[in-house]
Amino acid sequence: MKKAVLVTGANSGIGLALCERLLCQDAEIQLCLACRNMQRAEAARTALLVSHSDAHITLLHLDVGSVSSVLKAAQEVKMRYNRLDSLYLNAGIMPNPQVDIKALLKGLFSSKVIHMFATAEGLLTQHDHVNSDGLQEVFATNLFGHFLLVRELEPVLCQPGHTSRLIWTSSSNARRTTFSLSDIQHQKGAEPYSSSKYASDLLSLALNRHYNDQGLYSSVVCPGLVMTNLTYGILPSFFWTLIMPVMWLIRVFTNTFTLTPYNGAEALIWLFLQNPESLDPRAKYHSLTSGFGNNYTQPRKMDIDEDMSEALYEQLLELESKVRKKVKKEEEDPRVHEQYLHQTE
Ligand SMILES: NC(=O)c1ccc[n+]([C@@H]2O[C@H](COP(=O)([O-])OP(=O)(O)OC[C@H]3O[C@@H](n4cnc5c(N)ncnc54)[C@H](OP(=O)(O)O)[C@@H]3O)[C@@H](O)[C@H]2O)c1
């Protein structure tokens, strides 16, 4: 039977490169590009069909940062597929990034340069805002929307006698110090991106605990530092071009500067080829590129613990229940939405 694979954020960067590589790996797959902008999704589909003219590629409208869009898209997926083999939770945002230029320039010529680019520690903050569902946008997009999608797709992901996989595009920027169980949406801090990625590492562990016995396995990936729309949002493209010779030089000494989306997708494609049962739920799978340009995948232990992951999982279930109640009430009376927004201000 042909494998069904759904990729969120499939129209650009790592997601698009992943789709290309999936088709090279298995031309028979039923590939679904789940994107918020259908024009960009159509352009991605056209580009993929140039090199894979017989490929089975469908589009799905999904704004992962919107509860109603996630619920609608999940309904559509359940109508289209009896079973989903792989779900790539890849869409992600880092809105309004602010770079500490002084720290950047200082770090560029220090021994910490590799660590600085790999983790952005002490370098990067973001301005987040509340979305129309009353949730912090980064949390809603990078984490909660994907969580809700997984929960909604349970019937097609958890099939008796079959294994399915979830693959999260996390980051080395995921740091325990930016995440707090008392503020899972990161309303108070200035590093919502790091917090959301750390939360996805915790959530993956919890999902394994709760779903492995139903045949569903979850893994997290770090694609390395990749030049995409996301990185061009942090610093303008001319700056990256300017420092590119330094980056290539540093690449001789490190392996985390994968730089191209193709290289960044390495661990995502590697996981596709593994038996999910053989994977370590506490490992993050890193895409790495050697100084000679060879790609490989390496598991590294994550700084996470079971209690914290369970506590986050419980909070997400509570939030899910609240959100579902709100959606139900809204369907009955649209004025409820106005009141809800007022309360969350
Ligand atoms: N680039 C890096 O160095 C790096 C490092 C570590 C982790 N990552 C992670 O890699 C993943 C892919 O990012 P990228 O680097 O490839 O950047 P990108 O080119 O900007 O890709 C992000 C993708 O997510 C989509 N997206 C954003 N918000 C969405 C929403 N609300 N609903 C649906 N789709 C949405 C974007 O769609 P639009 O085109 O419509 O915006 C785009 O397709 C992200 O999770 C990112 O955090 C990247």
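How many residues surround the ligand, and which are the closest? In this predicted model, 30 residues surround the ligand, and Gly-9, Gly-13, Gly-92, Thr-228 and Leu-230 are the closest. Two elements, α1 (13–25) and α9 (229–234), each give two or more residues to this shell. By residue class, the shell holds 16 polar, 11 nonpolar and 3 charged residues.

The largest nonpolar core comprises 85 residues. Those that touch the most other members are Leu-18, Cys-19, Leu-33, Ala-34 and Leu-268. Helix α6 (residues 137–152) supplies the largest share of this core, with 9 residues. In soluble globular proteins, nonpolar side chains tend to be buried together.

When neighbours within four places in sequence are set aside, Leu-33 is in contact with Val-7, Ala-10, Asn-11, Cys-19, Ala-41, Ala-44, Arg-45, Ile-57, Leu-59 and Leu-60.

Backbone geometry provides a further topic. Most residues other than glycine have a negative phi. Ala-120, however, has a positive phi near 60°, and His-186 likewise has a positive phi near 60°.

| Residue | Loop between | Other C-beta atoms within 10 Å |
|---|---|---|
| His-186 | β7 (164–169) and α8 (192–211) | 24 C-beta atoms |

A residue is buried if 20 or more other C-beta atoms lie within 10 Å of its own.

Conventions:
Residues are numbered from 1 along each chain as its sequence is written. This is a predicted model: local features need pLDDT of at least 70, side-chain atom pairs count only at pLDDT 80 or more; totals for chains, interfaces and linings use all residues. A residue is near a molecule or strand if its C-beta atom, placed from the backbone, lies within 6 Å of it. Helices (H or I, at least four residues) and strands (E, at least two) are DSSP runs, numbered from the N terminus. Ala, Val, Leu, Ile, Met, Phe, Trp, Tyr, Cys and Pro count as nonpolar, Asp, Glu, Lys and Arg as charged, and the others, Gly among them, as polar. A nonpolar core is a set of buried Ala, Val, Leu, Ile, Met, Phe, Trp, Tyr and Cys residues joined through C-beta atoms within 7 Å. A residue is buried if 20 or more other C-beta atoms lie within 10 Å of its own, exposed if 12 or fewer, and partly exposed in between; C-beta atoms are placed from the backbone. Two residues are in contact if their C-beta atoms, placed from the backbone, lie within 7 Å.
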